[in-house]
Every structure is written in C-alpha cells, then in structure tokens.
Amino acid sequence: MKTITYGQAISEALREEMLRDDNVFILGEDMAVMGSVFGLTKGFLEEFGENRVIDTPISEAGFTAMAVGAALRGLRPVVEIMYVDFTPVCFDAIVNQAAKMRYMTGGQTSVPLVIRCPGGAGRRNAGQHSQSLEALFTHIPGLKVIAPSTPADMKGLLKAAIRDDDPVICIEHKLLYAAKGEVPEGEHLIPLGSAAVRRPGRDVTVIAWSRQVHSALEAAKTLAAEGIDAEVIDLRSLVPLDWETLASSVRKTHRAVIVHEAVKRGGYGGELAAQIGEDLFDSLDAPVKRVAGLNVVPPFSPALEDFIYPNPGDIAAAVRETLGR
Amino acid sequence: MKTKANQHGLETLLRFYREMQRVRQFDQKAAELFTQGRMAGNIHTCVGQEATAVGACQALEPTDFITATHRGHGHCLAKGGRAAIMMAELFGKATGYCKGKGGSMHIADLGLGILGANGIVGAGIPIAAGSALASKIKGGREVTLAFFGDGASNEGAFHEALNMASAWRLPVIFLCENNKYGVSVAIDRVTSIADIADRAKAYDIPGIVVDGNDVVAVFEAVSAAAARARAGEGPSLIEAKTYRHRGHYEGDPQIYKPADEVAAWKKRDPLILLQDAILALDPAAADKLAAVEDEIRREIEDAVRFAEESPYPGPAEVVSDVYAADNERSVAR
C-alpha cells in the first residue's frame, strides 16, 4: 500500500489506462499545456503527445459531442468538464447522444466515453461552481454514474470506468482532491456497481457517497460514544446500484438514513428511499430519513455556504431521530 | 442543367440516376404508407433533395463515414443502406437496422459508415467532427461527411464543430442541404446572410455554394473537399441549394410556402434535370431510364413486403441494449 491523494489517484488512473490502451485519450479545457486546473494531467502532453492529450477551446457542447463521435469510431475518450455545473451546456451530447446511441442503434455500437467533472460545494464558488448534479444523470437510462469518496476508490473506479463500454459520468468532489488515503500497489480495479461497507454496525444503515461518506463516518464516531452502532455504506457507484449490499444492511439494521450534498428535492436520495420503501417495507422499524442539501442556490458567503450541505451533526441528529432517541 | 455532366459519361450518370430513383421511390413509398396509416411515428421525406444525398455519397469511399439528419433516409440509402432493412426499421420490426428501436429518425449502420441519423437538429455535426478526430488520432485516411440542414447552421453545435475542425485540420466535410425551410420558417426570415457558405470565412476554411439539385455539381464539390481532407488540408463547408417538395413532416399542410416558389422548384426537380442531361448525351437512353425505374420499383415493393412480413421485436428486447456491460442490473434499478 502507498498513500496518495484523491487527485493523484485520478492522475495515476488516467496515466495507467493511457499506457495500457492506445485508444484512450483525454480532452478538455486546459488539459494539455497547463495539465488541468487541478494539476491532474501535468506531464501528460510530454508523455503522450498532442494527439492523445488535447486542449480544447471553451466549447463544452462541441467537444463532448466530438468525444461521442470518436467513441463511435472505437476510441475511448476521457473528457473533463471543468465543473459539473457546466455539464448542462453539453446536455445534448450526454443525454440525447451518448446515453442513447447504443439502444437507438439496436446494440450496433457502444459509446465508451468517460466524463470527469468536479462537483460539490465548499470552496466559496457560488451558484454556478458548487452544485451536486448527480441526480440529473441517474435519471437518464444509458448513463452510468460514479461518485468516489477515497483515493483508492477513485483510482479503481476510474480505471474500471475507462474500460467500461458504456458512457460513465465520474463526479469528483473538489474538496477531496487533496485528501490522502492508502491505495493498493499494482493493478487496482473496483467494479462499477459495488458498494463498500465503510463501517459495520447493527442499529442503523447510513447510506452516502462522495464527500458525505466522511461526514457520515464522523457522525458514526460520535454516535458510537452514545452507544449507537451505525453501519455506513459508501455507494461509490450510483448507476449501477449495489442493491444487494444496501438491502442486506437495511434488513439487518431495520433503519435507513440517506445522506447527500445535492439538494433534497428531486435528489437521488429520494429514489433510494422509495426503493427501500417499496421493497423493504417489512424490514423497516422507522421511516427512511434523508439528510440532504437545502433547496437553495449555493451561496457565496462563507457564513451562508456552510449551512447548505449536511454536516456530521445533522447526520447524527437524523440517526437519533430514526431510533427515537 | 448547366452541369459538366457530359464529362462524366453515360455509365456514371446512369449510376447516379439509379441511386436517386432509389431515394425518391423509397421516400414516396414511405409517405404513402404513412398516409395509409400503415406505419407509426413521423416521416420526414427528402423528396426533391436526392441530388445532394447521392452526389455527396458517390464522392465518398465505402470506408468513409457520414452522419445523417432527421431527414436522413436518402443519406442512408446513398451510403449503401439496404431499402428492405430500412423499411423494416420504419415499420418498427425486429429485422430493421436498429431492431425497431430507432425508427425513421435514427437509422444507423456502423458497418457501412453510417454513424446515425439524428433527431436533434445539428447534433450530428460535432459527432462527425469527432469521427474525423478519431481518423486523425488513429492516422486513418477516412473522411467523415456531416449532412445537416440550413436550420442546423444556426445551432451552436455547427459553429463549435467548424471552429475545432478548422483549428485541428480534421478530415471532415460539412454539407449543408439548404432546403430553405426550418419546419415552417424560411431561412431568410431568421438569417441575414444569403449564403450559409459565407460562414466558412469565419473559420478560415473553403465555403462553396453549389446547385444542390445538380447531382454532378454536388459530386464534384464533395470530391474536391474529400481530396482536400485526405491530403491533411482540413475541412470544407459546402452549401447545396435545394428544396424540399413535401412538408416538414408528412401531413404538414405547408401553408408557409408560396405557390410560385413551389412550382419553380418542381421544374428544377433533380431527377428531371439528370434525366434531361442523360437524354442530351444519348437520346437512346430512354429505355435504360425506364428500366431503372422499374427495377427500383420492384426493389421498393420487395422492401415493403419484407418489412410487413417481418416480426415485431419480442417484449424481452425492450430492456436489452440500454447498456453494453452490466445491462440487467443497470436497467433494474
């Protein structure tokens, strides 16, 4: 094992996959000469050349659609959209083209495209640079969505996503780029659709992804001191969903709390809550609870921004409530 | 026809004529079947625009690629699509190009280089540029041609794709079929320039206007653009001035078209223009033209029979092909 950051994990995953497969190439704004705004692709231009490390103009709609075209020709593009907030600019390429190409051609072709985009709040970037938009993508058949929370998961899932024949949206939390963690040496792959039990427990299942996994673990620590044993599940991959891991945990604990940074209304947590309600009603001892972002535009002021997303205290309070304490 | 048709010889012109007849008869039949209620959905025919589809595809090689539009039957046929399999797709049958999941607006045959017709106006333009980028990355000599309409030239996708294709000298041809109308809106009501080809100047690439009803003119323009693309000199924008004889969709009353305009363009029907050119070259070719028409009539009748006799896809097919990998689990939840 070695210790690297979440950002370095992205860099290693991209580099290893580009070395392994000549069909993999990366494109996006500031990817080549600058090595990306988060410094993830520094040195790639020198190593792989300008045909495989492409600086695009600021044309998200155009270059994402071009990546779809290149994918139809057997290449495996990895696109960076500088912020998830910019993906609506290129929604046609993602929603109407990449996601539907396989189905609408009767399975003639795949679109092995990965779209990486930083998401999440916490950097005082205000309304157009701080959103969590994963629910938009989980709603579209044909797309896969991953939202890793640790360097090891990021590396393993991103590598698996690049090898996957379907379009995958990889949402990276910008506050996690500097977070460190242990990553196995050598080839490290995590299959899409496999959740991780981050902390086993018997009293309640806390389901989270991306940065909120860390808040959930902190809340679990606080709760443990009070004699409440929370099981924390990191979904890692929202589509495909590891329903088996989630369901067996809820069958064991009989209680579920879902945590996400995205706004509550229309969030993926609502979908999970509905599925738990439909399929696991008999196992539940309490209503499923959601702890989520406020239904507001991310504000700039630090004094306001910190209110919008769940913190460990909110999660602990929701767990106590679901346990009737 | 002020064309240089006679420079191409009778055999070539007859080949063009045959392909244009296929497109014409296919779409006329599709319109007829739709009106009779024998197929569902929406039909956008390219009657009147056969010369652009055929002229362009005849200038391409079988290993080249195209992206088609929602008005794409002609593009797919001209690139080698089989009428029977296309007709089956229009009928939503399992034997269609897309197993009945794409329908009229989404026909694709990756093996023939047809990267897909598209229901979103302009969407195929950057996809074609991306295919050209793939050729550049892989070092291939394929050319990709994007068909699109005058309406699509006002979409952002057009401008973004032209800019990148020009900056990177991609082997792509942008072929605008200016049929004068975006649904009901005449292009000159929403665009101030007379020639869409003028937009090429903004991207420092050749912008060529051709008579889109003259198959030879289209063929020559696309041949030159393809040679340029293959030589590594980058993209071209070709504007083919043409006209759609029928409505935007079948059933469109076309109240927005002046009668004299329709009449003038019907006189310039691309099939009649080519017929005249062929007969001018060889008056004895009339029999050959009639034989071609009969042959195509039989082909289209066979296509309809094949489509009608084909089975619908089974219910299990509805959840297949959403994903390439892990399909069942990804579809289930």
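Student: How many residue pairs are in polar contact between chain A and chain B?

Tutor: In this predicted model, the count between chain A and chain B is 21 residue pairs. The rule also finds three salt bridges across this interface. In one salt bridge, Asp321(B) is joined with Arg102(A), and the closest N and O atoms lie 3.8 Å apart.

Student: Which element gives the largest share of the side of chain A that touches chain B?

Tutor: Helix H3(A) does, with ten residues. By class, this side of chain A has 22 nonpolar, 16 polar and twelve charged residues.

Student: What is the area buried between the two chains, and how many residues does each chain bring to the contact?

Tutor: The buried area is about 3,900 Å², and carbon and sulfur atoms give 60% of it. Chain A brings 50 residues and chain B brings 44 residues. Met66(A), Arg73(A) and Tyr103(A) supply 23% of the area that chain A buries against chain B, more than any other three residues.

Student: How are two packed helices described?

Tutor: One gives the angle between their axes and the distance between the axes. In chain B, helix H1 (residues 9–35) and helix H8 (residues 215–230) pack at an angle of about 105°, with axes 11 Å apart. Angles of 65 to 115 degrees count as roughly perpendicular, and H1(B) and H8(B) are therefore roughly perpendicular to each other.

Student: Which residues meet where H1(B) packs with H8(B)?

Tutor: From H1(B), Leu13(B), Phe16(B) and Met20(B) meet Val215(B), Val216(B) and Phe219(B) of H8(B). By class, this contact has six nonpolar residues, with no polar and no charged residues.

Notes:
Residues numbered from 1 in each chain as written. Chains lettered and ligands numbered in written order. Predicted model: local features only at pLDDT ≥ 70, side-chain atom pairs only at ≥ 80, totals over all residues. Heavy atoms only, no water. Axes fitted to C-alpha atoms, helices over the stretch in contact; angles between N-to-C directions. Helix = DSSP H or I, 4+ residues; strand = E, 2+ residues; numbered from the N terminus. Parallel < 35°, antiparallel > 145°, perpendicular 65-115°, else oblique. Contact = heavy atoms within 4.5 Å. Nonpolar A, V, L, I, M, F, W, Y, C, P; charged D, E, K, R; others polar. Buried area = accessible area lost by both parts, 1.4 Å probe. Salt bridge = Lys/Arg side-chain N within 4 Å of Asp/Glu carboxyl O. Polar contact = N/O pair within 3.5 Å; in protein donor to acceptor, adjacent residues only side chain to side chain.
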